[in-house]
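Have the viewer open while you read.

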Amino acid sequence: MKIEIDERSGFCFGVVRAITCAEEALQGKGCVYSLGDIVHNRVEVQRLEQLGLQTVTHEDMPQLVGKRLFIRAHGEPPTTYRRAEELQIELIDATCPVVAALQRKVKAAYEKMSPKGGQVVILGKRGHAEVVGLTGQVEDRAIVVERPEDLEQIDFTRPIHFLSQTTQSISLFEELADEMRRRNRSSEEVVVDDTICRQVANREEHLAAFACGYDVILFVAGRKSSNGKVLSEVCRAANPRTYLVEEASEVDPHWFEGARSVGICGATSTPKWLMQQVADAISPMHNE
């Protein structure tokens, strides 16, 4: 049975940068505390924990006076930086440059919309770390939408500036943008600002084609990965025999009955070594 790993799957630039930054900080300098999981992949988090990285929450910050606190690629709201300064916590800021640029855009959009009674609307997953960081730029005064039904929160008699979490679906963003233009009293009062990261978004078309080339697809991603959910569904739409796994132990030999080829791919938070472990787990199952 042919088993192949997608060469274009795996960590995006922002995640590679964050993990490299964490590994460097951990080299012989004691413990580093990460504000939330450094990446939405449990297995990779466990690897870094073995190197000395400890995951903490915002509630733990008062106990970290004088310690080193890592800000992951998802970014943080301004309140986190102010709190760290008050507590004399040393920050290691690994916010993805794409996310940092989006944070500035959200703030600028709000400053422009407010004087004319406009609204800032963000396509994103509520509670997701990146979205919390984005809405925090404007003291949570942005409207977050996840699906078409959420558009009911918007006042279409007022101007709108529409942006997106970096890892959202382009097709969903365009669908919601079109609906906003249609429902607003003037389409010219709807500013559509496509802020989806193309390093992530461009994988959709590629993965759809990749998934069609194999009998079975194993999509490797952490359960918490928003990007993983989106991209695994892209694969499943192209190939119904797509299975989402977090690690090699979850692979079920029954999935490969009658299959002559297996394609392995993953999210932007999935390390290459983990996809290789999944590939290595398949061969003995097939032989049995």
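Grid points are joined across faces, edges and corners, and a volume is the space filled by probe spheres set on the points. This is a predicted model, where local features need pLDDT of at least 70 and side-chain atom pairs count only at pLDDT 80 or more, while totals for chains, interfaces and linings use all residues. Residues are numbered from 1 along each chain as its sequence is written, and side-chain values use heavy atoms, with hydrogens and water left out.

**Cavity**
- The count comes to one cavity of 30 Å³ or more.
- The largest cavity has a volume of about 290 Å³.
- It has 22 lining residues, and Cys12, Val15, His74, Thr167 and Thr268 sit closest to its centre.
- Two or more lining residues each come from α1, α4 (97-113) and α9; helices (H or I, at least four residues) and strands (E, at least two) are DSSP runs numbered from the N terminus.
- The lining of the largest cavity splits into 10 nonpolar, 11 polar and one charged, where Ala, Val, Leu, Ile, Met, Phe, Trp, Tyr, Cys and Pro count as nonpolar, Asp, Glu, Lys and Arg as charged, and the others, Gly among them, as polar.

**Pockets**
- The largest pocket holds about 240 Å³ of space, and its lining includes Lys125, Glu146, Arg147 and Glu233.
- Helix α9 (residues 226-238) supplies the largest share of that lining, four residues.
- By class, the largest pocket is lined by two nonpolar, four polar and five charged residues.
- The second largest pocket comes in at about 200 Å³; of its 17 lining residues, Arg72, Gly127, His128, Ala129 and Val132 are the closest to its centre.
- Helix α5 (residues 129-136) gives the most to the lining of the second largest pocket, with three residues.

**Sheet**
- Four strands make an open sheet in the order β3-β2-β4-β5, with parallel pairing; two strands pair if DSSP finds at least two bridges between them.
- β3 (53-56) and β5 (90-93) are the edge strands with a single partner each, so one side of each has no neighbour in the sheet.
- Neighbouring strands are turned by 35° against each other on average, direction ignored; axes are lines fitted to C-alpha atoms, for helices over the stretch in contact, and angles run from 0 to 180 degrees between N-to-C directions.
- β2 (residues 32-35) and β4 (residues 68-71) pair over two bridges, and Ser34 stands opposite Phe70 in β4.
- Helix α1 (residues 13-25) lies across β2, β4 and β5, at about 170° to β4; contact means heavy atoms within 4.5 Å.

**Exposed residues**
- Glu205 belongs to helix α8 (residues 203-212) and counts as exposed at 70% relative accessibility; the classes are buried under 20% relative accessible area, exposed over 50%, partly exposed in between (1.4 Å probe, protein chains only).
- Most residues other than glycine have a negative phi.
- Glu139 has a positive phi of about 55°, and Asp140 has a positive phi near 60°.
- Glu139 lies in the loop between α5 and β7 (143-145), and Asp140 is in the loop between α5 and β7 too.
- Glu139 is exposed at 56%, and Asp140 is exposed at 58%.

Methods:
On a 1 Å grid over the protein atoms alone, a cavity is a set of points where a 1.4 Å probe fits but cannot get out, and a pocket is an open set with protein on both sides within 12 Å along at least five of seven lines; lining residues have an atom within 4 Å of a point.
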